[in-house]
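Here is a short briefing on the model shown below. It covers the fold, the surface, the annotated segments and the confidence.

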Amino acid sequence: MFTVKRGRLALVSAAWVGAVVALAGCASGDPLDSGSDKASGDKLIVGSQDYYSNEIIAEIYAQALEANDIAVDRDFRIGQREVYLPDIEAGKIDVFPEYTGSLLQALDKNAAGGTSDETYATLQEALPEGLRVLDKADASDQNSWTVTQAFADKYKLTDIESLKNVTEPIVVGGNAELETRPYGPTALKEKYGIETAGFKPIEDGGGPLTVKALVDGDIQITNIYTASPNIKSDKLVALADPDGLFFADNVVPVVSDRVTDKAEKVLNTVSAALSAEDLVSLNAQSFNDQKKAEDIAAAWLKQAKLF
Amino acid sequence: MTLFLDALNWIFDPANYVGDGSIPSRLLEHLVFTFVTLLMASMLALPLGFLIGHTGRGRGLAVAVSGGLRALPTLGLLTLVALWVGIGLEAPYVALTVLAIPPVLAGAYTGFEAIDRATIDAARSVGMSEWQIVRKVEIPLGLPLLIGGLRSGTLQVVATATLAAYVADFGLGRFLFSGLKTRDYAEMLGGSILVILLALVLEGIFSVIHRVILPRGVAAGRPTEVRAGSVRPRPGMESTIAKGRK
Amino acid sequence: MTWIWSNLDFIWDRTLDHLVLSVPPIILSFLIALPIGWLAHRFRLGRGFILISVGLLYAIPSLPLFVVLPAIVGTSGRDPLNLVIALTIYGVALMVRVVADGLASVDPDVRLSATAVGFSGWALFWQVQLPLAGPVLLAGLRVVAVSTVSLATVGAVIGVQSLGSLFTDGFQRGIEAEIVAGIVCTVLLALAFDGALVALGRLLMPWSRPARPTRSSAPLTPGPKALGAAVHGGEAAK
């Protein structure tokens, strides 16, 4: 009796564990998972950040490749850099739109800033084995110290250094990491002698909350990407950065070894045509007109007449 | 494993105990935030819960509203409110109060419902007014479930209050966000451990409250005694089946 | 509004993603909580320890969990499995106490009678205790289902597409309709799960159909206290 019971208990327990494991397996094998198995096919996998502007560029890459008979799989909106970077490094994604300076900082915390070309050159060295960047585009979406137009007018602000004219306390707002970044408040003080009056963390990466805080006057300066449509629609001014305090952040495709010469040529053609004004306008179509990434990308490719 | 050791090192690093944004000040902020949120949720949910529990009406509505509130994604709500009111603590207070309302509300009305109807009828027959019944009979007897609801709400708020740091320089969430973004995972994990410890301490406090303030008659039927061999079942629970078949 | 009409397919796809992500954690947390809850119910000494330590899992902040999980489980950073495991942990944290309370809600007399007519411990659990604890378990599972659907939105932050993607995208692009659509769809999906569980409960436990509440002050059935425990996250009735 005892052994029978034990045996049955073991059996049921085993079935139980089996069910749990099987379910977990189902979950991991669900269609959302685009693991390494996909990369073994002959299609190139194009990825994008969870950022609408990045998705548009990725969509342009994908459509350009398709227009040249190169099959692609789209794996878009896959989170922030800390989430997708390991997958790129592992070769699970073949083409990914990146930004030279930001990617460099993610790969090497101690990297020094510099001009567009310097940053691009340093980035090429910092990339791990099996990854490379193709030609960079003129388009860039870089960090900037941004203020409201009214604030800029009041103190005649043009570049970062002119912040010295400001006589009221300057409260800085932005993502937590801004406080400690090499271009953060400390740099303002050390490089230009600009005193700031505290830091207010807003964790939406220069998104609508940050813009609202700036417009409401809760903060006086913040870090907003230069291609953000908010700069125009909310009457903001990105202060000029003649000394290269910020890294240049040109749009550049990061690609794996699976990208052929033909695909490389296609992507380089795209990058050569993608201007800074284009990127701002692409973003504005998504932001102001609420158009879909695929439509915006198709329209740009059509108008650029590349292929 | 080294990650956890790093986190412990971070927690015990004396440098983190001085100045602005030190561990003690963040803990205090987190605690105050939790307390105020629970207070606001209680002010909204308790009167409503007592009303539903006492009259026995509107329960279906309460369940539906609680379910709906529970399904509201806190981060979504937080950001949406912040878009209206701006950065600062207002948006976190609103979002977290919404989070805390369902458990407190459920605790209030189920506490009343769990009371044996005969007790209420007895109270009414000795001439108590409705208000007296609520105050002297239903609230004391409903306390165990009410405290359970507050306790559940507290746990959820403590854990989720880290989101306040999304729009304000406030609470233990600061450690999580700054650790995540600067890839200082020791700080992030250390911050999480502090959140869990705080939750543990609050759990302990609720256990003590539960024991100390319960009326004796209510405490008599604690589950421990069932299992100690007493045949006296827990109040309210003994009748699950019987009532279910009425 | 125009955004919604021109993106119905996008909303629908994200809703399906969300559905696929939410179902496994709900089932898994039930399956895992059942034996743990039984242990807590069965062994008086361990009860407090099990219930409190499992309950504390709920206090783990989700962002760090998503960072630590891949390191522990060995998954890729944006594997949906991370999200499923995390949601399961939160589900178990809610459900274990419900199971323990549900089993405790079974009338001791019934248990004694069942033993007297010859049920073994094993059969007693499956054929007597579990069905009788059913209504309480169901109430708890409804809470788990609703909060799982709500929590799954954080998947967007770690690169797993869900209805949460509508928030992140909507916030970035300042499209309020998209954010509201995300919230509304999440709530609707949660309510759909809730309704499905209620229907399942009626199917599996026809005996537990609550008596229609009368206009009098008669208590609602069944077992409000145990149900109450389940309804607010199983933290009550320590």
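**Fold of chain B**

Along its sequence, chain B reads α-α-α-α-α-α-α-α-α-α-α-α. That is twelve helices and zero strands. The model is predicted.

**Packing and surface**

- Chain B has 246 residues, and 57% of them are buried.
- Among contacts in chain B with a separation of 6 or more, 71% join residues 24 or more positions apart.

**Annotated segments**

- An unreviewed UniProt entry marks "transmembrane region" features in chain B at residues 31-53, 60-87, 93-112, 145-168 and 188-209.
- In the model, residues 31-53 of chain B are 100% helix and 0% strand. The end C-alpha atoms of this segment lie 30 Å apart.
- Residues 145-168 of chain B are 67% helix, again with 0% strand. Here the end C-alpha atoms are 34 Å apart.

**Confidence in chain A**

- Chain A has a mean pLDDT of 86, and 87% of its residues reach 70 or more.
- Residues 28-40 of chain A fall below 50 in pLDDT. In the model, this stretch has 18 contacts beyond near neighbours in sequence.
- Where pLDDT is low, predicted coordinates should not be read in detail.

Conventions. Residues numbered from 1 in each chain as written. Chains lettered and ligands numbered in written order. Predicted model: local features only at pLDDT ≥ 70, side-chain atom pairs only at ≥ 80, totals over all residues. Heavy atoms only, no water. pLDDT = per-residue confidence, 0-100. Contact = heavy atoms within 4.5 Å. Helix = DSSP H or I, 4+ residues; strand = E, 2+ residues; numbered from the N terminus. Buried < 20%, exposed > 50% of the residue type's maximum accessible area, 1.4 Å probe, protein only. UniProt positions renumbered as here; feature names shortened; annotations may be inferred.
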